[in-house]
Amino acid sequence: MNNYLHLLLFSFLVSHTVFAEPKAPAELHISTPVWPGFTNADSSGAYADLFRFIYQKEQTQLVWHFSNYSRAIALVQQGKYHMVPGLSAYKSPRQHNALVLSEQPFDTDLIVAIYNPSHTTTPELTKLQHYKLAWDLAYDLHLVLGLTEKGYEVPDIKQGLELVKNRRVDIYLAEKSELLQYLQGETPIKLQPLLYKELLRDPIYLAFADNEAGLAFKTIWDQRFNELYKTGQLKTFYRRYPQLTLPRPD
């Protein structure tokens, strides 16, 4: 009788183990603009693939929330979502409040100055303060470039280029990969008569909400990023995406 009860108990435990529902994946809510080629509206792109690559072993489901960059940052600061990509390490009270950056940068922005050579001399990094500047909303490039004043903020690359062409500003500052993705989009756009000049490289980070869930996703990211870098798998991944630059972890 005793053996029979043990057999029943064993059968019960085995059956419940076999038929137990798998653990639901954790949801990582990502707040981001639509950056063509990086975070596309259909959840594809270089950043999207990188995030899936980093979190794939952690049973994490990526949930996307698209908005303009300023709002994307604010929603993570408010704790409504977990992560926003693309922040510089330069201190900005507006950007970094209630956010915690990843330990290592995950990409590098190459900042370029777009200008009309008929009206503006070739821009020099040390002389930018003498020009009327514009850049995308919430990018805070004055901190990256060491300028004392902010430039005029625009919602997108299209308006930035139009301001230069219409002589409303002297220079529009943009990230080179974003600019090239825009120019080579579904309807290719010519930059002429404008030119661009490369100014400097700025390492960029992921920013996580400064709360329990955000910090948990940050811990996973930091551990996996370093692990995959050491094994060489991260370098192999980045080779498939020419728009990405893998910074060397400290």
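What share of the 250 residues in the protein is buried? Buried residues, meaning those under 20% relative accessible area with a 1.4 Å probe and protein chains only, make up 48% of the 250 residues. This is a predicted model, in which local features need pLDDT of at least 70 and side-chain atom pairs count only at pLDDT 80 or more, while totals for chains, interfaces and linings use all residues. Residues are numbered from 1 along each chain as its sequence is written, and side-chain values use heavy atoms, with hydrogens and water left out.

**Overall make-up**

- The protein has nine helices and nine strands, taken as DSSP runs (H or I of at least four residues for helices, E of at least two for strands) and numbered from the N terminus.
- Among contacts with a separation of 6 or more, 70% join residues 24 or more positions apart, where contact means heavy atoms within 4.5 Å.
- The accessible surface comes to about 13,800 Å², and 53% of that surface belongs to carbon and sulfur atoms, as computed by the Shrake-Rupley method with a 1.4 Å probe.

- The whole structure holds 17 aromatic pairs, counted when ring centres of Phe, Tyr and Trp (its six-membered ring) lie within 6.5 Å, with planes under 30 degrees apart called stacked, over 60 edge-to-face and the rest tilted.
- One of them is the edge-to-face pair of Trp-35 and Tyr-47, at 6.2 Å centre to centre and 85 degrees between the planes.
- Because Trp-35 lies in the loop between β1 (26-32) and α2 (46-55) and Tyr-47 lies in helix α2, this pair ties together parts that are twelve residues apart in sequence; both Trp-35 and Tyr-47 are buried.
- Phe-51 and Trp-64 form a stacked pair, with 6.2 Å centre to centre and 20 degrees between the planes, and this pair links helix α2 to strand β2 (residues 60-66) across 13 residues, with Phe-51 and Trp-64 both buried.

**Helix packing**

- Helix α2 also packs against helix α8 (residues 212-231) at an angle of about 90 degrees, with the axes 9 Å apart, where axes are lines fitted to C-alpha atoms over the stretch in contact and angles run from 0 to 180 degrees between N-to-C directions.
- Helices α2 and α8 are therefore roughly perpendicular, a term for angles of 65 to 115 degrees.
- Phe-51 takes part in this contact on the α2 side, and the α8 residues include Phe-217, Trp-221 and Arg-224.
- By class, the contact of α2 with α8 has ten nonpolar, no polar and one charged residues, where Ala, Val, Leu, Ile, Met, Phe, Trp, Tyr, Cys and Pro count as nonpolar, Asp, Glu, Lys and Arg as charged, and the others, Gly among them, as polar.

Notes: Buried < 20%, exposed > 50% of the residue type's maximum accessible area, 1.4 Å probe, protein only. Parallel < 35°, antiparallel > 145°, perpendicular 65-115°, else oblique.
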